[in-house]
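Have a look at the sequence and the 3D view, and then read on.

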Amino acid sequence: MYVRSKQKVDAISSRDAALGDAAQTCHVCQAIGCTRMIPPKHLMCPQHWLEVPARVRALVNTSLTEWLEGRATVRPYAIARLRAIVHVGILHGEDMRQLEAELIEKEKLLWALHHKQYATA
């Protein structure tokens, strides 16, 4: 059994207290039709994420890191995440018309969030 030291527990508790409600928020897995709730730092639930090819998972992670660090725009990340979503959708035999409509809506939301972020900065 793994036991954390009191110092580590206190550090984690302090971090979570500082984050407040943000530490508790979750969102729905981005795989089409999945309703599992996942942490905000994840794109998909573990089951669907492991269905994405390793090279696409790496592309999602790399492009997200580059965007968050200011070394790239959001576009490469948006494209990479859509590739992951499409791959899982096709794997599960989703109707491509439905998949396309849902992806367009997700892209519109991502675009709106991106512009809102820079409008307030």
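Here is a short report on the fold, the core, an aromatic pair and a pocket.

This is a predicted model, so local features need pLDDT of at least 70 and side-chain atom pairs count only at pLDDT 80 or more, while totals for chains, interfaces and linings use all residues. Residues are numbered from 1 along each chain as its sequence is written, and side-chain values use heavy atoms, with hydrogens and water left out.

**The fold.** The protein chain has five helices and two strands. Both kinds are DSSP runs numbered from the N terminus: helices are H or I with at least four residues, strands are E with at least two. Reading from the N terminus, the order is α-β-β-α-α-α-α. Of the 121 residues in the chain, 26% are buried (under 20% relative accessible area, using a 1.4 Å probe and protein chains only). Now for contacts, meaning heavy atoms within 4.5 Å: among those between residues at least 6 apart in sequence, 38% join residues at least 24 apart.

**The core.** A nonpolar core is a set of buried Ala, Val, Leu, Ile, Met, Phe, Trp, Tyr and Cys residues joined through side-chain atoms within 4.5 Å. The largest one here has 22 residues, and Cys29, Leu43, Met44, Val52, Val60 and Ala84 touch the most other members. Two or more residues each come from α3 (54-68), α4 (75-91) and α5 (96-120), with α4 giving the largest share, six residues. Leaving out residues up to four places away in sequence, Met44 touches a list that includes Cys29, Trp49, Val52 and Ala84.

**The aromatic pair.** Rings of Phe, Tyr and Trp (its six-membered ring) pair if their centres lie within 6.5 Å, and planes under 30 degrees apart count as stacked. The whole structure holds one such pair:

| Pair | Centre to centre | Between planes | Type |
|---|---|---|---|
| Trp67 and Tyr77 | 5.9 Å | 15 degrees | stacked |

Trp67 sits in helix α3 and Tyr77 in helix α4, so the pair ties together parts that are ten residues apart in sequence. Both Trp67 and Tyr77 are buried.

**The pocket.** On a 1 Å grid over the protein atoms alone, a pocket is an open set of points where a 1.4 Å probe fits, with protein on both sides within 12 Å along at least five of seven lines; lining residues have an atom within 4 Å of a point. Which residues lie nearest the centre of the largest pocket? They are Pro40, His42, Leu43, Tyr77 and Arg81, out of 21 lining residues. α5 gives the most to this lining, with six residues.

Conventions
Buried < 20%, exposed > 50% of the residue type's maximum accessible area, 1.4 Å probe, protein only. Phe/Tyr/Trp six-rings, centres within 6.5 Å; stacked < 30°, edge-to-face > 60°.
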